[in-house]
Structure formats: C-alpha cells, structure tokens
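Please keep the sequence and the structure in view while reading.

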Amino acid sequence: MAATRGAASASESGPASESGPASESGAASASAPPEPDPGLFGPASVTWQCHGDPIMWIAGVRALYLQALHPRAVRGVVENSDFRSDAWGRLLRTADFVGTVTYGTTEAAEHAGARVRRIHRALSATDPATGERFPVDDPGLLLWVHCAQIDSFLHVLRRSGVRLTAAQADRYVDENRAGARLVGLDPAQVPADTAALAAYFETVRPELSAGPDARAVVAFLRSPPTPALLVPGRNLLWRPIAELAYGSLPGYAHRLYGRPAPPAPVITRRLRLTGTLLRSIPAGLRWQLPPGHILKAMRRMGPGSRPSAYTLRTSAAILDRPGRA
C-alpha cells in the first residue's frame, strides 16, 4: 500500500510540475506565429527602400543600353531572345525578376534564380569577331550584366534626387551581391562597393564597342514594335523615357554609340523633374500594377515595411554606422 501511495503521489506531482512556467512558455512559443520571411534583403536594406521608386523604370532602360555595349553579351541576347517580337513581355519579365528577388520570399527568390541559371546553362552564342561559340552563362558576361544593372540603378536613383549617402550607396552595391549569386556568380568576385564598381568599369572598357547588335538594341529601345494604333502613344510616352535613359549613360558610352546626348546638366534636370512627377503618383496606385510584388511584401511584413527612398534620410545614422557599409 505504501508503494502504491508513493506511486500515486509521484504521478500526481508529475503533471503539476508540467503546468509550471516552463510549460507555459513552451505553449506560448508553440502558439506564436512564425516570423515573416524578409527575403534576401528585407525592409532594413537600402535595396528594399530604393527598388520601389518609379524612376527604376528609366534606370532599367539605361542598363539595357549599357549592357548592349559588350559584344558577347549582346550577341547572346540577339541569338537567344525574342525581344524583337515580344518587346513588352521581355521588359516585364525582367522587372518581374528584379521585383521577385527584391521583395519576394527567400524561397521565391531562390526559385527565380534557379530558373535563370537553368535557362542560361542551355544557351550559347557565336562571338561576332572570332566565330567562337561561348556559353551564355560565362562568368565574365554575367558579371558585366550585373555591374551594368547595378551601376544604372544606383546612378539614376541618385541623379534623379534620391539622396543616398556614400555609405548607403556602398551598402547598396554590397547588398546586391546576393542577386549576383542567384544568377550564378561567386559573390566574392563581385564588386562590393562603389569604388570597386568604378574600378571594374575601367578594366572592362577596352572590351566594349557598339557593333551592329548594339545598334539594333538602340533602335529597338527607341521604337519598340507597337500596334499601329498605339504608335502615337509610344512616341509621346515611351520615346522621351528611352531618350532620357540614353542621355544618362556615361560619356564613353555616348562616344561608342556615336550619338551625342544633351549636356549633362540638362539630363540631370530632366531626371529630377521626371522623378518628381513619377513620385507624385500615389504609391498605392503605382504598386497595383502587375505583378504587385511590393503590396504582397507589405502584407507579409507589415505596414512598417512600406518602401520609400526618403526613409533612408531619417535612417542614415543607423545605416551608416561603422561596419554597415
């Protein structure tokens, strides 16, 4: 009987101990919702705050002009792309990739990168000068495309009035090595700040030229194929954007293309005016455009995740503290 009473006592004390503070803590943690996935960047990043700016459309067109100056890179596009017959589709797919990588979940970004790598692995093209076949996913070509894109995004953002500090600009370049990894590059081999990015362009410039492929891209960007009824609208709305993007190119690009741009101060004024006009459109309206990456990200991360380049002005002291750039 004594043993029985002891066993009963032990069994009674067991459940009592499980209902203490430790079990309450375990229950609370079990019921707490999981932390939302910020993706590759998250709201604390310069990239998250800047990539929602509408001037990015002009920056993207500038990147295409710049990327076309590499003979092998543009040959890879010409031989393997349907950009002439599906102009707007290609532009939207590129914007969709950037939006997914910036604002999507980690899984969505990794999936998008894997798809790009899979497509590139199957493609090759012919060097226009030597006739040699080369893989489209050659690291040197991927690096050129990445650097031309990041340089264009950063250049147009700052020149249009987004006041990034030097440390924030360095951080932006560093953050986007995550995107470079997605397309197949080793982040250690990708410029990590603005000085390294500028040094890269000095190194690669002797390889650049404006051959027939590059000029075909310029002609396409100035006048993308459009149904006849929409040509007036294209000339009224699209061509000024394309010309402004071209004008924002570096001087060596203008010299290679052989078509001068308006004076640099004129381009800067136009970029600032265009940026002001685009930013005056309510963000909620702009972000309704498909595929809606920013709205999805805000629903996932909460109202404090609303991207705005102007947020960086108030957070400069945080972003630029030692070791962050």
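In this predicted model, Trp144 and Phe201 are both buried. Their rings have centres 5.8 Å apart and planes at 75 degrees, and since planes over 60 degrees apart count as edge-to-face, the pair is edge-to-face. Trp144 belongs to helix H8 and Phe201 to helix H11 (residues 194-204), so this pair ties together parts that are 57 residues apart in sequence. Setting aside residues up to four places away in sequence, Phe201 touches Leu66, Trp144, Cys147, Ala148, Asp151 and Tyr252.

In soluble globular proteins, nonpolar side chains tend to be buried together.

How many aromatic pairs does a search of the whole structure find? The search gives five. One of them joins Trp48 and Tyr103, whose ring centres are 4.9 Å apart and whose planes stand at 75 degrees, so that this pair is edge-to-face. Trp48 lies in helix H3 (residues 46-50) and Tyr103 in helix H6 (residues 87-103), and the pair therefore ties together parts that are 55 residues apart in sequence. Trp48 has a relative accessible area of 0% and is buried, while Tyr103, at 3% relative accessibility, counts as buried because the limit is under 20%. Elsewhere, Tyr65, Tyr246 and Tyr257 are linked by ring pairs into a cluster.

Tyr65 leads on to the packing of helices, as it is one of the residues through which helix H4 meets helix H12. Two packed helices are described by the angle between their axes and the distance between the axes. For H4 (residues 56-67) and H12 (residues 212-222), the axes come within 9 Å and cross at roughly 160 degrees. Because angles over 145 degrees count as roughly antiparallel, H4 and H12 are roughly antiparallel to each other. Val61, Leu64 and Tyr65 make the contact from the side of H4, and Val217, Val218, Leu221 and Arg222 from the side of H12. By residue class, this contact of H4 with H12 comprises six nonpolar residues, no polar residues and one charged residue.

Note on methods. Residues are numbered from 1 along each chain as its sequence is written. This is a predicted model: local features need pLDDT of at least 70, side-chain atom pairs count only at pLDDT 80 or more; totals for chains, interfaces and linings use all residues. Side-chain values use heavy atoms; hydrogens and water are left out. Axes are lines fitted to C-alpha atoms, for helices over the stretch in contact, and angles run from 0 to 180 degrees between N-to-C directions. Helices (H or I, at least four residues) and strands (E, at least two) are DSSP runs, numbered from the N terminus. Angles under 35 degrees count as roughly parallel, over 145 as roughly antiparallel, 65 to 115 as roughly perpendicular and the rest as oblique. Contact means heavy atoms within 4.5 Å. Ala, Val, Leu, Ile, Met, Phe, Trp, Tyr, Cys and Pro count as nonpolar, Asp, Glu, Lys and Arg as charged, and the others, Gly among them, as polar. Rings of Phe, Tyr and Trp (its six-membered ring) pair if their centres lie within 6.5 Å; planes under 30 degrees apart count as stacked, over 60 as edge-to-face and the rest as tilted. Buried means under 20% relative accessible area, exposed over 50%, partly exposed in between (1.4 Å probe, protein chains only).
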